[in-house]
Amino acid sequence: MLGDARASAPLTSQLLSGETVHVLETRGDWLRVVGEDAYEGWMHHGYLSVSTGDEASWRVSLGCIVRDSIGEARPLPLGARLRPEAELLDGAFALAEDLDERFHYGADSIGHAAETLYSGASYLWGGVTPWGCDCSGFVQRIFRLHGATLPRDAWQQALEGIESATKAIDEHLPGDLLFFSDREDRRVTHVGIALSRARMVHSSLTRGGIAIERLDSADPYMARLREQCTGIRRVHRTR
């Protein structure tokens with residue numbers, strides 16, 4: 001999903017295999033679309049096909065390789081949907097009806113998924129997968145697996161849920177969202193997910209990707225983040 005109708009436009013977000021969009025505007029081979037999270041952007045028609053209407057029931061990739069309908073091997077990242085005819089070659093998937101059991105909505109489950117499923121991911125502005133993600137894309141996808149629908153950008157996510165604390169070093173539960181701002185007007189620009197033992201996991205350009213931090217660390221970067229903290233919020237389940 002790009003910021004304009006041209007291949008050289010900046011990446012603003014990503015949609016995964018099997019996710020649906022509504023077309024808002026066409027411009028030659030380009031379409032301005034809105035995704036399931038209400039986020040808008042431009043996509044080339046080569047990335048799209050006509051919806052079958054049953055995509056929500058498709059199997060969900062946990063990181064796998066499949067053979068598609070034309071016999072090609074195709075890797076699918078965490079969260080992508082597998083077409084019914086796709087043959088699993090490697091990795092794993094979950095049935096759509098089993099997501100609630102596999103990713104139950106609770107502090108420990110969210111914290112464990114956040115700490116493990118994106119480990120090693122590089123920072124990628126607009127990215128949402130373990131192949132590369134930004135801070136809010138990471139947060140949105142972890143919560144989506146657990147049945148909570150969040151908007152795409154960090155400042156939008158900061159409007160969700162209820163306030164559970166005000167400072168980064170306050171008491172919080174795994175799965176609470178910590179928000180930060182490096183702007184004078186305090187508009188949120190960064191988000192991370194709280195873990196147990198006063199830790200946080202986030203996708204940080206400064207760290208090069210996914211990193212787990214001690215919230216009470218004397219590291220200069222963490223000291224700066226503590227000063228930039230705008231609050232901590234707890235999100236309720238929506239699935």
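Me: What should I know about the model first?
Reply: The model is predicted, so local features need pLDDT of at least 70, side-chain atom pairs count only at pLDDT 80 or more, and totals for chains, interfaces and linings use all residues. Residues are numbered from 1 along each chain as its sequence is written, and side-chain values use heavy atoms, with hydrogens and water left out.

Me: Is S204 buried or exposed?
Reply: S204 counts as buried because its relative accessibility is 2%. Buried means under 20% relative accessible area (1.4 Å probe, protein chains only).

Me: Which side chain does S204 make a polar contact with?
Reply: That of Y221, at 2.8 Å. A polar contact is a pair of N or O atoms within 3.5 Å; within protein, one must be able to donate a hydrogen and the other to accept it, and residues adjacent in sequence count only if both atoms are side-chain atoms. S204 and Y221 are 11 Å apart, C-alpha to C-alpha.

Me: And R199?
Reply: R199 is buried too, at 10% relative accessibility. A polar atom of its side chain lies 2.9 Å from the backbone oxygen of S196.

Me: New topic. Which residues touch R199, leaving out those up to four places away in sequence?
Reply: E115, H172, I193, A194, I212, E213, R214 and L215. Contact means heavy atoms within 4.5 Å.

Technical notes
Buried < 20%, exposed > 50% of the residue type's maximum accessible area, 1.4 Å probe, protein only.
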